[in-house]
Amino acid sequence: MAWIYLGIATVFEIAFALGTNATRGFTRLWPSVFTLLAAAGGVFTLSLALRTLDVGVGYTIWTGIGSVGTVLLGALLYKERITPPKLASFAAIITGVVLLKLASGA
């Protein structure tokens with residue numbers, strides 16, 4: 001169940017990051033409300049996952065997948081460029097996430 005909570009927390013993390021861009025410095029009401037709710041949801045579901053997972057594993061996977069998802073969706077939604085160095089960085093993050101999951105024994 002911890003991995004399910006972590007997956008949900010990651011979705012909230014990506015929504016939080018993308019929503020932050022849409023707030024325009026928290027000057028727009030509804031994007032700001034959405035962003036704050038996504039942040040709260042992410043931290044809450046991460047805390048549920050960390051009941052079972054080691055904090056180092058859970059937090060690193062949460063931020064790693066959140067980072068990759070944010071960059072990929074940022075490219076789709078905000079037309080941000082994905083360069084070869086970004087692709088290499090994604091590969092490193094994904095490799096690290098897989099190794100952490102294997103090292104956690106789950």
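Predicted model: local features only at pLDDT ≥ 70, side-chain atom pairs only at ≥ 80, totals over all residues.
View 1. L46 belongs to helix α2, which covers residues 29-49. With a relative accessible area of 8%, L46 is buried, because this value falls under the 20% limit for that class. Leaving aside residues up to four places away in sequence, L46 is in contact with L6, A9, G58, Y59 and W62.

View 2. F16 is located in helix α1, formed by residues 2-22. The relative accessible area of F16 is 30%, and the residue is therefore partly exposed, as the class lies between the limits of 20% and 50%. When residues up to four places away in sequence are not counted, F16 touches T35, A38 and A39. F16 and I94 are 78 residues apart along the chain, and their C-alpha atoms are separated by 20 Å.

**View 3. Helix α2, its span and its buried residues.** Helix α2 comprises 21 residues, which at 1.5 Å a residue should span 30 Å. The end C-alpha atoms of α2 are 30 Å apart, in agreement with that expectation. The buried residues of α2 are P31, S32, T35, A38, G41, G42, T45, L46, L48 and A49. The elements covering these buried residues include α1 and α3, the latter spanning residues 55-78. Among the buried positions, T35 and A38 are also contacts of F16.

Notes: Residues numbered from 1 in each chain as written. Heavy atoms only, no water. Helix = DSSP H or I, 4+ residues; strand = E, 2+ residues; numbered from the N terminus. Buried < 20%, exposed > 50% of the residue type's maximum accessible area, 1.4 Å probe, protein only. Contact = heavy atoms within 4.5 Å. Expected span 1.5 Å × (residues − 1).
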